Amino acid sequence: MDRSPAFLAALASAAVPGLDPVGVEALPSTPDQSFDIGFVRDGEGRRWVVRAPRSEVAGAEMDRTVALLGLLGRRLPFAVPAPKGFVALEGGGRAVVYPYLPGHSLDFAALPAGPGLAAELGRAVAALHNTDPAVFEEAGLPSYDADAYRTRRLVELDRAAETGRVPTALLTRWEEALEDVTLWRFAPTATHGDLTGDQVLAVFTDDADSSSGRVKGMTGWEDAKVADPADDFAALVAEAPPEAVETVMEAYAHARVERPDPNLVVRARLAAELGLLSALMDGLARKDVGAVEVLTTQLRRLDDEVHAARERGDDYRTTSLSPVALRVRPAPPPALVVDDDDDDELPEIADDAEGPRGGDADDELIEDEPRRGLG
């Protein structure tokens, strides 16, 4: 059902005593959205957001989110929506109204590496992930341990395979990653669940310098749960330059209470790819032929990209789903040649018996010791 801007403004006025709307703008309606959303301006120049669920399921999600936001508001170093009023909807459920959060949404594809906004984003996500999971559980949100979450993903993959719309090579790629238990050793974490650039709000001390930004707030908490921390990096890994991802992850690791697991980015990459499956299944459930065809094309394109990367040599920064431990192999020690005729002499390094300046290797070591502060 589509709700007009005027209707959304009326909801805002009824939900918040004293709110007198003088202007309203509604987000464009799409078949897949769960809420009608309007931005209202009142007579005092304040801006408000009104969200009206389109279904009972969306209404239940919103109620859980409202409970969570009340608990998070005083625990995070950035702002989250703070509901100020509710109004019952005809047919059941209720709409929520909260003050508009200032800031600019992020374009992960243009996120600059280095100190500044990327590092700020890493620290902001770390602050969220440092939140006690009991807070989310108190709000009635789902909680999964690592094995349960992996199993949940496998079930989703099986359902998608039955549609016949997913390339076989992708199904194999994802099944191998989901069945490799070494990838799935993580501590369940409080997560946002759908952390795209649209959900992150930033402010800038210099509008001409994107690196001067800092994270001001986060919105869109309907998918929040206790689960895999990698989910909150899926959009970042899929869209941002590798150098920016590395900056975010470095700042994140420094700010985390617990050390992140080594396969966090690998699972984030997998989560980004599996996001296409979730969208495909949603489109099929809605019988949205146009969306299904678009997503099927995107899956084929992803299959081509993965195949091309394999031909070039798997790039761990952009395409690999291999566990980190299997990619990092120490170089073997240099081969040693021992002269059996003279057991008193030291063995020589076969490939480089001479020092850097052409002298004997042992003489070179002795000459270098004083410069290293050893003599």
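Buried residues (under 20% relative accessible area with a 1.4 Å probe, protein chains only; exposed is over 50% and partly exposed lies in between) make up 41% of the 375 residues in the protein chain. Welcome to this predicted model, in which local features need pLDDT of at least 70, side-chain atom pairs count only at pLDDT 80 or more, and totals for chains, interfaces and linings use all residues. Residues are numbered from 1 along each chain as its sequence is written, and side-chain values use heavy atoms, with hydrogens and water left out.

**The chain as a whole**

- The protein chain has twelve helices and twelve strands; these are DSSP runs numbered from the N terminus, with helices being H or I of at least four residues and strands being E of at least two.
- Contact here means heavy atoms within 4.5 Å. Among contacts between residues at least 6 apart in sequence, 67% join residues at least 24 apart.

**The five-stranded sheet**

- Five strands make an open sheet in the order E1-E2-E3-E5-E4, and their pairing is antiparallel; two strands count as paired if DSSP finds at least two bridges between them.
- Strand E1 (21-26) and strand E4 (85-88) stand at the edges with a single partner strand each, so one side of each has no neighbour in the sheet.
- From one strand to the next, the twist averages 25°. Angles run from 0 to 180 degrees between N-to-C directions, using axes that are lines fitted to C-alpha atoms, for helices over the stretch in contact.
- Strand E3 (residues 47-53) and strand E5 (residues 94-99) run antiparallel and are joined by four bridges. To find this pairing in the model, look for Trp 48, which stands opposite Pro 99 in E5.
- Helix H1 (residues 5-15) lies across E1, strand E2 (35-42), E3, E4 and E5, and runs at about 125° to E1.

**The three-stranded sheet**

- Another open sheet has three strands in the order E6-E8-E9, with antiparallel pairing.
- Its edge strands are E6 (104-105) and E9 (213-218), each of which pairs on one side only.
- Five bridges link strand E8 (residues 200-204) to E9, and the two run antiparallel. Val 203 has Arg 214 in E9 as its bridge partner.
- Helix H3 (residues 117-129) packs on this sheet and touches E8 and E9; the direction of H3 makes about 35° with that of E9.

- His 129 belongs to helix H3 and is buried, with a relative accessible area of 3%.
- The residues His 129 touches, not counting those up to four places away in sequence, include Thr 189, Ala 190, Tyr 252 and Arg 256.
- Thr 189 lies in strand E7 (residues 189-191), and Thr 189 is buried with a relative accessible area of 3%.
- Leaving out residues up to four places away in sequence, Thr 189 touches His 129, Lys 225, Val 226, Ala 227, Pro 229 and Arg 256.
- A polar atom of the Thr 189 side chain lies 2.8 Å from the backbone oxygen of Ala 187.

**Helix H9**

- Helix H9 (residues 264-286) has 23 residues and reaches 32 Å from its first C-alpha to its last, close to the 33 Å expected at 1.5 Å a residue; the expected span is 1.5 Å times one less than the number of residues.
- H9 bends by about 25° at Glu 273, where the bend is the angle between axes fitted to the seven residues ending there and the seven starting there.
- Just after H9, Lys 287 takes a positive phi of about 55°.

Technical notes: Polar contact = N/O pair within 3.5 Å; in protein donor to acceptor, adjacent residues only side chain to side chain.
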